[in-house]
Amino acid sequence: MTHSLAPVNVADKLSQFSDLWSQEKIADLNDYEVKLAKLKGEFVWHTHEDTDELFLVISGRLTIQLRDGDVVLGPGELFVVPRGVEHCPVADEETAILLLEPTGTLNTGDAGGPRSKAPEAL
């Protein structure tokens, strides 16, 4: 993705896709990708051994299940899952999030499986 000197309108980018649990790349930041996703339902338990993972809720409500208890996020709230911590995102209603992760981070971490998907550039 080429760097642009124009601002990115997050609401506009969110309107360009409807697939749930797919990650759409909207910007690059050094060796990181800024991604959007729409979530509903439960994902898979997984771990990212080599990186932290930032979740920022734009709309809706996200529960990040951890083995030690749940973290519940509403619009405007963020949480960083530390590297090596097993987690499972759950959204009871459609929820839009922004993710910040190193380039190439697999959405399903160590779990792999059919829900693994590389981010698409919007």
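Leaving out the neighbours within four places in sequence, Lys38 is in contact with Leu14, Phe17, Ser18, Asp19, Leu20, Trp21, Ser22, Glu94 and Thr95. Contact here means heavy atoms within 4.5 Å.

Before I go on, some ground rules. This is a predicted model, in which local features need pLDDT of at least 70 and side-chain atom pairs count only at pLDDT 80 or more, while totals for chains, interfaces and linings use all residues. Residues are numbered from 1 along each chain as its sequence is written, and side-chain values use heavy atoms, with hydrogens and water left out.

Now the confidence. pLDDT is the predictor's confidence in each residue, from 0 to 100. The mean for the protein is 89, and 85% of its residues reach 70 or more. Strand 8 (residues 120–121) has the lowest confidence, with a mean of 70, and strand 4 (residues 62–66) the highest, at 98. Strands are DSSP runs of E with at least two residues, helices are runs of H or I with at least four, and both are numbered from the N terminus. Where pLDDT is low, the predicted coordinates should not be read in detail.

Back to Lys38. This residue lies in strand 2 (residues 32–42). Is Lys38 buried or exposed? Lys38 is buried, with a relative accessible area of 12%; buried means under 20%, exposed over 50%, and partly exposed in between, using a 1.4 Å probe and protein chains only. A polar atom of its side chain lies 2.7 Å from the backbone oxygen of Leu14. Lys38 also lies over the face of Phe17, at 4.9 Å from the ring centre. For that, NZ of Lys or CZ of Arg must be within 6 Å of the ring centre and within 35 degrees of the ring normal. Arg67 lies over the face of Trp45, at 3.7 Å from the ring centre.

Next, the rings. A search of the whole structure finds 1 aromatic pair. Trp21 and Phe43 form this pair, which is stacked, with 4.8 Å centre to centre and 15 degrees between the planes. Trp21 lies in the loop between helix 1 (10–14) and strand 1 (23–29), and Phe43 in the loop between strand 2 and strand 3 (53–59), so the pair ties together parts 22 residues apart in sequence. Rings of Phe, Tyr and Trp (its six-membered ring) pair if their centres lie within 6.5 Å; planes under 30 degrees apart are stacked, over 60 edge-to-face, and the rest tilted. Trp21 is buried at 11% relative accessible area, and Phe43 is buried at 9%.

Note on methods:
Polar contact = N/O pair within 3.5 Å; in protein donor to acceptor, adjacent residues only side chain to side chain.
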